[in-house]
Amino acid sequence: MVDFTLTDEQRNMRELAHDFAEKEIRPVAWDYDKDGTWPQEIIDKAWELGLMNGHLPEEYGGPGLTYLDGCVIEEEIAWGCSGIGTSLSCNGLATAPIALAASEELKKEYLGRLSEAPLLASFCLTEPDAGSDVSGMKTNAVRKGDKWVINGSKCFITNGSYANWYTVYAKTDKEAGHRGISCFIVPRDAGVIVDKKEDKMGQRASNTATVSFNDVEIPLNHLVGEENKGFKIAMMTLDRTRPGVAAMATGVARAAMEFAVEYSKQRVQFGVPIAMHQAIQFMIADMSTKVHMSRLATWNSAVLLDQGKRNTLESSHAKRFSADSAMEVTTDAVQVYGGYGFIKDYPVEKLMRDAKILQLYEGTAQIQRLVIAREILLPRRAEAPAAAAV
Ligand code: COS
């Protein structure tokens, strides 16, 4: 049956998230953006209310929400502020590889930590010379006695300055390309260095840092999954987290559309509210279609995961379409505001800046197209169900 009717429980969750976004996030979002303020207070409150770590399985102290539940929550939070939303949801990215492939011992310890306190974890894949091309990474891990020794540097790491532990990808076989990458858990206190906090165009309340590993030693059992199987773990992780980014993009687009609708009813030009002009009506109509289609694509990609199916194609469809739509809708919202839209006193200027990163992080719009093209031309879906052991 094709049915996207939310259950009573999902509607309640959406209401809780919306209420939180409206009362706790919106009133401070533009101030936090201005100064790039770290939203620790909001993180603590969201954690208390169960608006973080929804994905954590019940056996490790989490609520075990579905992927669809997560998308419903993330759209509302991003409607409030996608920068704060990124800070709140990043644990999902760091923990997906652990839930997929880590030993029971690691899951208990590291997933358990996030259930017990409002702590953060970061996902460390990108490097200065290895963004889209994951296999080009230089960070390496070498086995020495009863330790792994990690050396290298990761950039653009969300929550990097504040993370309690890091999911780190490193080369364990330099000659083997993508088949020579492994995944590790690195606790912060193992000696992780946080080098640089980025000063960003948008989503300024989120923290983006460079983290480095200089002879950082971790126990052998901190390898996640099998040695040299990290690339697949990373790809399977992104299949699971791109729906969340698509949901955030839907929230940003929806917020921009709502502001544009309100403004168009108040702003009078040529003797009538500008909403009476067809030029504006068509922009509003396109915004509404894009928000609607973004949500449908997002929910579809999440539901496939909840059904235990591989969603690589749909996840990239959702991420690509929703992020591009958020950029278009926020740009048009600025257009509806006219010159005022370009001024920081008006809300849509921030939304347009915030939208840009949605087309960049967790795989650029071009990488999503690459994945889509490959899935169409060389379908792999039969080969690997979503929950396949890595
Ligand atoms: N699920 C499971 N396995 C997957 C997979 C997926 N979604 N996607 C690829 N794989 C597997 C392939 O089946 C292949 O397996 P074999 O080793 O058995 O042949 C292997 O992974 C390599 O796949 P591929 O040849 O497609 O790898 P490429 O090096 O060409 O890279 C892209 C593919 C570009 C899609 C990948 O590097 C990517 O997603 N880059 C963007 C990374 C990103 O999003 N960065 C953002 C930072 S994270 S916030």
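## Basis and domains

Domain bounds here come from an automatic or database domain assignment. For this chain the assignment gives domain 1 (8-116), domain 2 (121-228) and domain 3 (231-377).

The model is predicted: local features need pLDDT of at least 70 and side-chain atom pairs count only at pLDDT 80 or more, while totals for chains, interfaces and linings use all residues. Residues are numbered from 1 along each chain as its sequence is written, and side-chain values use heavy atoms, with hydrogens and water left out.

## Interface of domain 1 and domain 3

The C-alpha centres of domain 1 and domain 3 are 20 Å apart. Their contact (heavy atoms within 4.5 Å) involves 27 residues from domain 1 and 30 residues from domain 3. The buried area, that is, the accessible area (1.4 Å probe) that two parts lose on being put together, summed over both, is about 2,500 Å² between domain 1 and domain 3, with carbon and sulfur atoms giving 65%. On the domain 1 side, Trp30, Tyr67 and Glu75 lose the most area to domain 3, together 26% of what that side buries.

Between domain 1 and domain 3 there are 4 salt bridges, a salt bridge being a side-chain nitrogen of Lys or Arg within 4 Å of a carboxyl oxygen of Asp or Glu. Asp33 and Arg353 form a salt bridge in which the closest N and O atoms are 2.7 Å apart.

## Ligand surroundings

The ligand is surrounded by 25 residues (a heavy atom within 4 Å), and the closest are Ser132, His178, Arg179, Asp239 and Arg374. A polar side-chain atom of Arg374 is 2.6 Å from an oxygen atom of the ligand. Backbone atoms also take part: a polar one of Ser132 lies 2.9 Å from a nitrogen atom of the ligand, and a polar one of Gly363 lies 3.0 Å from an oxygen atom of the ligand.

## Salt bridges

The salt-bridge rule gives a count of 21. Arg11 and Asp8 are separated by about one helical turn because they are 3 residues apart in helix H1, helices being DSSP runs (H or I, at least four residues) numbered from the N terminus.

Key: Polar contact = N/O pair within 3.5 Å; in protein donor to acceptor, adjacent residues only side chain to side chain. Helix = DSSP H or I, 4+ residues; strand = E, 2+ residues; numbered from the N terminus.
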